[in-house]
Amino acid sequence: MQHRRLLLGSAIAGLLLSACATASDSLMSAAPVVNGEPVVYITSADLPEVAAIAGEPGSAAPLRIVSLATGVGETLSALGVADRVVGRDETSDVPGIAAAPIVTAAHSVSAERVLALNPDLVLIDSATAPVEALEQIARSGVEVVSVPEAWTLTDMDARISAVAAAVDVDPAALLATVGELSAVTTPPDAPTVAFLYLRGTSGIYLLGGQGSGADALITAAGGIDVGASEGLDPFVPLTAEALVELNPDVLLVMTKGLDSVNGVDGLLDLPGVAQTSAGASGRVIVVDDEVLLSFGPRTPALVEQLRAALVTVTG
Amino acid sequence: MARSIFVLIGLAIALALAGIGAVYVGVADTTSVIVWDIRAPRIILATIVGAGLGVSGALLQGALRNPLADPGIIGVSAGAALGTVVIVSTGVAYGSVVAAIGGIIGGLAAMAAVTVVSRSPRGVEVVTLILAGVAITAFAAAVLSIVLTTSDLAGVRSTTFFTTGSFALATWPGVAATLPFVLTGFIIAAIISGRLDVLSLGDRAAFASGLNVNSVRWWALVAAVLTVAAGVAVVGIIVFIGLLVPHAIRLVLGPRHAPLLIGSALGGALLILIGDTAARTLVAPVELPIGVVTAVIGAPVFLLLLRRTRAQQGGWA
């Protein structure tokens, strides 16, 4: 669990480092054609804004929240307590919360910066580090609540409920909207999708496997995750040949990862990528880093977008 | 003499067989696309880089008269990695000829620094050279980390890539960026191999027999950088091969440089080719970084050589 979060964390750190890079050119959600290849971009802007869905917080609810659990900002927003968030980690980058100061550096929590914000609730998950800083915060009398991680669509309910309980809001309304995601049956001729975690022009790329998070999204969107169906670990440094052998129809990548290999052209230059069915016909779906694995209120909309994107690229 | 030729022919045949074998093993079916686009550049790059590492080690050990010299140990590889990253952080593509030139400039700078520091009136001291190499490697790694963390280019490679070396993303352009420099180094090595034999008698004896000692040493060190630095720029740092291979060849063929250099090229290529084939097939579909494999085998051998060298020189304390 830890190393997945670290990977996700480094992806998001990369995002922050190169924040100025691409916002404008990835703001197209239609299917632009790159060298005659269908590429679909799904950005934060394509998803509905996070609106407060739940009811009012109770009278005993915390007033000053620091959110350190990965990507929980989206859920706090939907629960209607965005204005109570006074500090956050790099990953809770949703409107309404983004203005709160970041109290982590390189994924390490600074106890001093957290306590300086005088919080009455600190939300963490099992990947929040270092433990020493969290113990210092707890010792000073601040309530520290650990919420469960979410790597599948069914994990989402437990996570939303835990966050809601911590901030004393009734989650029923929010859970109802998330629950609208109906179970899908994957047809046997569904397109196969490989989730590639890219990190630099000549770094080895990793393939998402069982429990990468992307496998749950791909299944819900009506595709077959090639890594998961091979029973591979969440993130596997794959040989070029193995990717050719898996031969996915579609590649799923994150925006910053794609930037790190110099775009679609650079992606198709990687050994093993061009020789797959997806590479040969250039079928790529690009999703913004901060929305792909957040498993929050916007995930149902993301799944719909992914489903549409799969149809678009496979024509 | 005849024995040398038999051993070298044997090594060449083993290398050819390993190369042919590597074409046929792998995860995917042996289709022409797999072989031509994925396996062939990887096999050829492994051969070039391995041969370069072997020759580089043999040149360094001869020119510095130091049995523990290896481009990874004395800091040349780290300098090459730094040179590559500095060039790449200006927007040049990895695996290009320009990036390889950056690696060579970095390698030459590290080589200059390490030899200037460890030179003494009695020649280049064994221990000082190794310690200077440690310091240069640490310095280069530190600057490399600074460049990597401050670069706003998303494509800049991770630090771990450079310290664990890998052929996973070998491509034909990578082969083209490495081959000319390694070949140039080989040609220089071939030209000076006889003079390196004279040099091994000691600076004074070599000078007395009419050898331009400084010129030969200088060319040998330049060739040692050329044979290794372009490879570092494309596949990262692979340590200890330059140490192991010449020692093994010397045991069989003796200290003459002509057979030693040819044997080190063949032996280095063979070892890296087998190592890389193992790296991509042993735990398939997962990829092992080859630099890790060579370090696990090479570090204990280095320690053994360290003990032996110290005993031969009567202790260093």
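1. In this predicted model, helix α10 (residues 241-253) of chain B packs against helix α11 (residues 257-281) of chain B, with the axes 9 Å apart and at an angle of about 125°. The two helices, α10(B) and α11(B), are therefore oblique to each other. The crossing of α10(B) over α11(B) is right-handed.

2. From α10(B), the residues in this contact are I241(B), V245(B), P246(B), I249(B), R250(B) and L253(B). They meet P259(B), L260(B), G263(B), S264(B), G267(B), G268(B), L271(B) and I272(B) of α11(B). By class, the contact of α10(B) with α11(B) holds nine nonpolar, four polar and one charged residue.

3. On the α3(B) side, the contact uses V76(B), S77(B), A80(B), A81(B) and T84(B). On the α9(B) side, V225(B), V228(B), A229(B), V232(B) and A233(B) take part. The contact of α3(B) with α9(B) counts eight nonpolar and two polar residues, and no charged ones.

4. Turning to chain A, four strands make an open sheet with parallel pairing, in the order β4-β3-β7-β8. Strands β4 and β8 (143-146) of chain A are the edges, each pairing on one side only. From one strand to the next, the twist averages 20°.

5. At one end of that order, strand β3 (residues 65-67) of chain A runs parallel to strand β4 (residues 85-88) of chain A, and three bridges join them. Within this pairing, I65(A) has V85(A) in β4(A) as its bridge partner.

6. One of the pairs is L123(A) with V145(A) of β8(A).

7. Helix α5 (residues 155-167) of chain A lies across β3, β7 and β8 of chain A. The direction of α5 is at about 170° to β7(A).

Technical notes:
Residues numbered from 1 in each chain as written. Chains lettered and ligands numbered in written order. Predicted model: local features only at pLDDT ≥ 70, side-chain atom pairs only at ≥ 80, totals over all residues. Heavy atoms only, no water. Pairing = 2+ DSSP bridges. Axes fitted to C-alpha atoms, helices over the stretch in contact; angles between N-to-C directions. Parallel < 35°, antiparallel > 145°, perpendicular 65-115°, else oblique. Left-handed = near helix turned anticlockwise from the far one by under 90°. Contact = heavy atoms within 4.5 Å. Nonpolar A, V, L, I, M, F, W, Y, C, P; charged D, E, K, R; others polar.
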